[in-house]
Amino acid sequence: MKTYSYPQHVKEDIKEFIEKRLDSGTFGLLVQGDEDTIEDVKDLMFDQDDVTGNGSGSYTFNTLKAEECLVGNWDLLREAKDELDPNTDLIEKGPEYCDVLIRCYLLDWCFNKALNDIVK
């Protein structure tokens, strides 16, 4: 089984979100590096199911698929947990929660990579 690349997939979801859902004015400010716009767009994406899954609590809407994404990504899950939710019981929360936690953790880094790809 191939290890799921969270950074690659989150970055692609961000690029798709920017291309399909932002109006030209917001996109222009984003490309110009307007800090308020950047923060507003990141805040908006944080709760989008098609980017992080944080809106509903699931990106995959499938427990088995979320488990498959986690395979080989335990170190990344540990980093996300330590940074965003250190006192949570991941076993109790389940794989969909863990999948969303990783996506939320990577959002900022992947956003910067996606924006760099778009601006080039």
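Student: Where does T88 lie?
Tutor: T88 sits in the loop between α5 and α6 (90-93). The helix labels follow a DSSP rule: helices are H or I runs of at least four residues, strands are E runs of at least two, and both are numbered from the N terminus. This is a predicted model, where local features need pLDDT of at least 70, side-chain atom pairs count only at pLDDT 80 or more, and totals for chains, interfaces and linings use all residues. Residues are numbered from 1 along each chain as its sequence is written, and side-chain values use heavy atoms, with hydrogens and water left out.

Student: What makes T88 count as buried?
Tutor: Buried means under 20% relative accessible area, exposed means over 50%, and partly exposed is in between (1.4 Å probe, protein chains only). T88 comes out at 11%, so it counts as buried.

Student: Which residues does T88 touch?
Tutor: Leaving out residues up to four places away in sequence, T88 touches K81, K93 and Y97. Touching is contact, meaning heavy atoms within 4.5 Å.

Student: Why is F61 called exposed?
Tutor: F61 has 54% relative accessibility, so it falls on the exposed side of the cut-off. You'll find F61 in the loop between α3 and α4. F61 also has a positive phi of about 55 degrees, although it is not a glycine.

Student: How do you know that D99 is buried?
Tutor: D99 has a relative accessible area of 0%, so it is buried. D99 lies in helix α7. Not counting residues up to four places away in sequence, D99 touches Y6, Y59, T60, A66, C69 and L70. The C-alpha atoms of D99 and A66 are separated by 5.9 Å, though the two are 33 residues apart along the chain.

Student: Why are α4 and α7 called oblique to each other?
Tutor: Angles under 35 degrees count as roughly parallel, over 145 as roughly antiparallel, 65 to 115 as roughly perpendicular, and the rest as oblique. α4 and α7 pack at about 50 degrees, with their axes 8 Å apart, and they are therefore oblique. The axes are lines fitted to C-alpha atoms, for helices over the stretch in contact, and angles run from 0 to 180 degrees between N-to-C directions.

Student: And what makes α1 oblique to α7?
Tutor: The axes of α1 (residues 6-21) and α7 (residues 95-119) come within 7 Å and cross at roughly 60 degrees. That makes α1 oblique to α7.

Student: Which residues in the largest nonpolar core touch the most other members?
Tutor: They are Y6, I14, L30, M45, I102 and F111, out of 27 residues. α7 gives the most to this core, with nine residues. A nonpolar core is a set of buried Ala, Val, Leu, Ile, Met, Phe, Trp, Tyr and Cys residues joined through side-chain atoms within 4.5 Å. In soluble globular proteins, nonpolar side chains tend to be buried together.

Student: Which residues does Y6 touch?
Tutor: With residues up to four places away in sequence not counted, Y6 touches C69, L70, N73, L76, D99, I102, R103 and L106.
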